[in-house]
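Student: I am new to this structure. Can you show me how to read its features, one at a time?

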Amino acid sequence: SIGNLPQTLGERTKGMETPIQVVLRIRPMNQAELRRGEQSVLHCSGPRTLRVSPLGGGREVAFHFSMVLDGARTQDEVFQGSGVQRLVELALQGFSCTAFTFGQTGSGKTYTLTGPPPQGEGETVPSSLTGLMQRSFACLLDKIQHVGTPITLSASYLEIYNEQVRDLLSRGPHHYLPVRWNKTRGFYVEKLKAVKFGTFEEVMKLLLEGLRRRRSSAHNLNEVSSRSHALFTIHIQCPAVSPSRPKEQTFGKLCFVDLAGSEKVAATRSRGELMLEASNINRSLLALGHCISLLLDPRQKKNHIPYRDSKLTRLLADSLGGSGITLMVACVSPSAQSLPETLNTLRYASRAQRVTTRPMPKGP
Ligand code: ADP
């Protein structure tokens, strides 16, 4: 066993300051790294501590997270240890919950969320290798069976590439959708398709349809997971228990975000630099780092965080500093060669876990 749920997620209370939970996952060495005879520079010491020992006698550094999962952990152990099941429960209670993966390209973000890529057309991922998403779908549908009241589920799936939002569940020629804001909904994507589902097979069909569309788009080719962000959201509508108290209706949300590769994006940048580089590097990831820095700045007013600087930060505004509940899975490679990027990811992740939200159940 790999211990309990991350502490704060396990005991959270409505309206209380809740830090973003950060789980670190180290992937196993891949074939190329093994062939080069690379050594691991990352070591778990205890369930929550990572030691980084640079080769050649550099100074050892320690990082602490809600949970540290090494390369020997199976997909099931990652599901059990990440706290995602708790997110599913909270989404059912009407909270807006987000799980996102962060790390350099090739560090295991997509593997963690959806498992290895299918080998051929029509092939499915063996059930032992499915990721956090498939396992959460099954967990959600299982919990709903025991709720007793009829619950309406729907899913939407979008991609942000080059600061343009595209609906991954919509057939035919694609067009880009605008992100709007209003008082009740906060930021939302206009005309984004939300498809109702009731079974595991139905929600899997939506996931696979979106994944296929994501892979096959001409602009993406092999850039698919390295330069685009994908957001899969399940909307959970629970009717009021008593018709005389319609306010009891809840609208929970469970969102999975596969972020673009974090390489070359330093944790802090000034706003000026952000604007200059916007056209050639990933503006959304820069803006995300910038918002995180400002959220940690005690002099910064919380209502002046520049979420509007990118599509991603608009759509994650609530998960970062609002009323949502957020889990980040930081993914790293154990190899010495990846160490500079790994240290970037570890620093980014350490900062993220100092960001807090004030979870409140949401209206429609
Ligand atoms: P990213 O999404 O961060 O770019 P991927 O999830 O595509 O990275 O992982 C890169 C490669 O490593 C893929 O071939 C993937 O199947 C493999 N991989 C990643 N994590 C693991 C793991 N924990 N166990 C086995 N293979 C993994």
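Student: Is cysteine 139 buried, exposed or partly exposed, and why?

Tutor: The model is predicted. A residue is buried if 20 or more other C-beta atoms lie within 10 Å of its own, and exposed if 12 or fewer. Cysteine 139 has 17 within 10 Å, so it is partly exposed.

Student: Where is cysteine 139, and which residues is it in contact with, leaving aside neighbours within four places in sequence?

Tutor: Cysteine 139 sits in helix α6, residues 132–145. With those neighbours left aside, cysteine 139 is in contact with Gln85 and Val88. For a sense of distance, take asparagine 282: it is 143 residues from cysteine 139 along the chain, and their C-alpha atoms are separated by 34 Å.

Student: Now the core. Which residues have the most contacts inside the largest nonpolar core?

Tutor: The general idea: in soluble globular proteins, nonpolar side chains tend to be buried together. Here the largest nonpolar core has 78 residues, and Leu24, Leu87, Met328 and Ala349 have the most contacts inside it. Strand β16, residues 325–332, gives this core its largest share, seven residues.

Student: What does methionine 328 touch?

Tutor: Not counting residues up to four places away in sequence, methionine 328 touches Ile20, Val22, Phe100, Phe102, Ala349 and Ala352.

Student: Which way do the residues of β16 point?

Tutor: In a regular strand the side chains alternate between the two faces of the sheet. In β16, Ile325, Leu327, Val329 and Cys331 point one way. Thr326, Met328, Ala330 and Val332 point the other way. Eight of the eight residues of β16 are buried.

Student: Which strands pair with β16, and in what sense?

Tutor: Strand β2, residues 21–26, pairs with β16 in the parallel sense over six bridges. Valine 23 stands opposite valine 329 there. Strand β7, residues 96–102, also pairs with β16 in the parallel sense over six bridges. In that pair, phenylalanine 102 stands opposite alanine 330.

Student: What is the strand order in the open sheet of three strands?

Tutor: The order is β3-β4-β5, with antiparallel pairing. The edge strands are β3 (42–44) and β5 (61–64), and each pairs on one side only. Neighbouring strands of this sheet are turned by 25 degrees against each other on average, direction ignored. β3 and β4 pair over three bridges. Histidine 43 has arginine 51, in β4, as its bridge partner.

Student: Last, the ligand. Which residues come nearest?

Tutor: Of the 15 residues around the ligand, Arg27, Gly108, Lys109, Thr110 and Tyr111 come nearest. By class, the shell has four nonpolar, nine polar and two charged residues. Helix α5, residues 109–114, gives the largest share of the shell, three residues.

Notes
Residues numbered from 1 in each chain as written. Predicted model: local features only at pLDDT ≥ 70, side-chain atom pairs only at ≥ 80, totals over all residues. Near = placed C-beta within 6 Å. Helix = DSSP H or I, 4+ residues; strand = E, 2+ residues; numbered from the N terminus. Nonpolar A, V, L, I, M, F, W, Y, C, P; charged D, E, K, R; others polar. Core = buried A, V, L, I, M, F, W, Y, C linked by C-beta atoms within 7 Å. Contact = placed C-beta atoms within 7 Å. Pairing = 2+ DSSP bridges. Axes fitted to C-alpha atoms, helices over the stretch in contact; angles between N-to-C directions.
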